[in-house]
Amino acid sequence: MRDFVVPKTDTKIQGEVKLEYAFQLRAKFDPARRSRTPKGDFRYQDITSGDVHGERFNAAVYADSGGQYDTVRPDHIRDVDAHFILKAENGEWIYVEHVGYRRPDGYYRAIAYIDADTKGKYDWLNNTTFVVTAKESADEREVVFYYYVAN
Amino acid sequence: MKRKTHPEAATDYALTSLDRRTFLSGGAAMTAGAAAALATFPAQRAIAAVPAATATATAAAATAKSDSTSKGSSTPSHQAPEATYYGAPDSDIPKVGLRWAFSATVFFADRVMIGSPAPRGYTSVGGGEVWGPRLQGRVLPASGADYYKNTFNTYYMYEASDGALIFIHNRGTMRRFQMPEPGKPLVPVASGGPPAPGDPPVWTRFRATPVFTAPDGPHAWMNNTVFVANCQRQDNPDHTVFTYYEVL
């Protein structure tokens with residue numbers, strides 16, 4: 001290993017992050033299909049429908065464009081991994097990815113990475129970091145995701 | 001000490017006037033920028049539990065401490081932080097909280113571009129420090145890099161003060177705005193394409209979202225927690241200060 005002495009600089013810097021609510025996605029999923037894997041129980045849920053409501057963003061889920069590809073770890077925490085496509089009210093296509101955790105204690109938090117057309121109305125979604133929380137129905141087939149911009 | 005430095009790396013040098021060899025051997029503290037920073041260093045920085053492996057850094061920190069203690073320092077950076085919750089006008093929308101967990105200063109060494117179909121960048125991590133209420137330690141020297149393609153995408157290791165090795169995969173976004181004017185809202189700049197010469201200067205909001213793999217034990221919470229960071233890029237030496245918030 002290389003030696004490295006940390007130069008003494010500026011650990012006084014404490015940059016802030018503030019959250020600002022942006023929109024919500026009401027999504028419907030097929031029942032989860034589970035399979036046992038060496039990493040835990042793989043849990044696949046197809047996204048069948050849904051819609052996005054927000055002041056600056058309205059869209060519909062493109063049916064069967066993806067879903068949740070979670071892994072239920074041995075400690076019962078779900079590593080959330082979701083990918084799907086939205087179609088905005090003006091026809092633009094938008095990609096959404098979620099990476100996060102769903103814990104048995106009710107904590108469901110993720111980061112959303114969103115890609116949109118740089119020349120379109122939704123360029124503001126690009127390069128924006130979203131913090132997501134979610135409310136699930138008892139059967140876990142209806143999930144409302146709430147997106148906050150990390151400003 | 002023998003060091004491997006990519007031969008092309010020496011050509012990509014505009015970002016910092018620091019000699020990489022000097023930087024990696026610890027001579028960076030002698031550079032003008034670092035020396036200036038040292039002079040204004042807050043005393044509480046030395047409070048962080050520094051692993052034995054960075055004994056030389058500790059010695060330097062002790063010097064920094066004695067220097068800056070005499071100037072007097074106010075708020076300790078290690079006090080228990082408060083959570084801030086954010087909501088929406090509609091009270092049905094669940095609130096989400098943020099709480100400062102720790103910070104990391106990461107020093108970069110080589111900057112290289114690979115001319116792949118979508119260009120792949122390589123910015124190696126030289127080392128650094130981790131401090132704050134929920135984690136202390138260091139960035140394991142030469143343990144990885146930012147292997148970016150369009151956006152920041154780093155893989156490297158922390159070594160906590162108890163010796164635990166923690167893997168960080170950190171993705172980031174940089175959103176560009178016109179240079180902010182006091183009292184006015186930020187005006188975003190279209191994200192398409194790289195900035196051209198002659199474009200007006202932009203202000204960048206840099207946020208990172210790490211996923212940690214930590215061993216069982218006191219750091220296991222990092223495997224179950226979503227984080228978001230404010231990232232401040234700094235020159236001379238080339239480094240970034242990451243302030244990590246737990247998402248509550």
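User: In chain A, is strand S10 (residues 142-150) mostly covered or mostly open?
Analyst: Mostly covered: seven of the nine residues in S10 of chain A are buried. Buried means 20 or more other C-beta atoms within 10 Å of the residue's own, exposed means 12 or fewer, and partly exposed is in between, with C-beta atoms placed from the backbone. Strands (E, at least two residues) and helices (H or I, at least four) are DSSP runs numbered from the N terminus. Keep in mind that this is a predicted model, where local features need pLDDT of at least 70, side-chain atom pairs count only at pLDDT 80 or more, and totals for chains, interfaces and linings use all residues. Residues are numbered from 1 along each chain as its sequence is written, while chains are lettered from A and ligands numbered from 1 in the order in which they are written.

User: Ok, which strands does S10(A) pair with?
Analyst: S1 (residues 19-29) of chain A pairs with S10(A) in the antiparallel sense, over nine bridges. S9 (residues 130-136) of chain A is antiparallel to S10(A) too, over seven bridges. Pairing here needs at least two DSSP bridges between two strands.

User: What about the hairpin turn, how many residues sit between S9(A) and S10(A)?
Analyst: Five, and among them A:Glu140 takes a positive phi near 60°.

User: And S9(A), mostly covered or mostly open?
Analyst: Covered for the most part, with five of its seven residues buried. S9(A) also pairs with S8(A), antiparallel over four bridges, and there A:Arg109 stands opposite A:Thr133.

User: Where's A:Asn126 relative to those two?
Analyst: A:Asn126 is in the loop between S8 (108-115) and S9 of chain A. A:Asn126 counts as buried because 21 other C-beta atoms lie within 10 Å.

User: What does A:Asn126 touch?
Analyst: Leaving out neighbours within four places in sequence, the contacts of A:Asn126 are A:Asp115, A:Ala116, A:Thr118 and, from the other chain, B:Ser191. A contact means C-beta atoms, placed from the backbone, within 7 Å.

User: Switching topic: where is the loop residue A:His76?
Analyst: A:His76 lies between strands S5 (67-72) and S6 (78-88) of chain A. A:His76 has a positive phi of about 70° although it is not a glycine.

User: Why does A:His76 count as exposed?
Analyst: Because A:His76 has 12 C-beta neighbours inside 10 Å.

User: Which residue in chain B has a phi near 70°?
Analyst: One of them is B:Asn150, a positive value in a residue other than glycine. B:Asn150 is in the loop between S5 (145-146) and S6 (153-160) of chain B, and it counts as exposed because it has 12 C-beta neighbours inside 10 Å.

User: How many residues are in the largest nonpolar core?
Analyst: It has 76 residues, and those with the most contacts inside it are A:Phe130, A:Val131, A:Val132, A:Tyr148 and B:Tyr245. Strand S2 (residues 96-114) of chain B gives the most to this core, with 10 residues. A nonpolar core is a set of buried Ala, Val, Leu, Ile, Met, Phe, Trp, Tyr and Cys residues joined through C-beta atoms within 7 Å.

User: What does B:Tyr245 touch?
Analyst: Not counting residues up to four places away in sequence, B:Tyr245 touches several residues, including A:Val17, B:Trp100 and B:Phe227.

User: How many helices and strands does each chain have?
Analyst: Chain A has zero helices and 10 strands, whereas chain B has three helices and 10 strands. Buried residues make up 43% of the 151 residues in chain A and 38% of the 248 in chain B.

User: Where does pLDDT stay under 50 in chain B?
Analyst: Over residues 1-78 of chain B. pLDDT is the predictor's confidence in each residue, from 0 to 100. Where it is low, the predicted coordinates should not be read in detail. Chain B averages a pLDDT of 73, with 67% of the residues scoring at least 70.

User: And the overall scores, what are ipTM and pTM?
Analyst: The model scores ipTM 0.93 and pTM 0.79.

Terms used
Contact = placed C-beta atoms within 7 Å.
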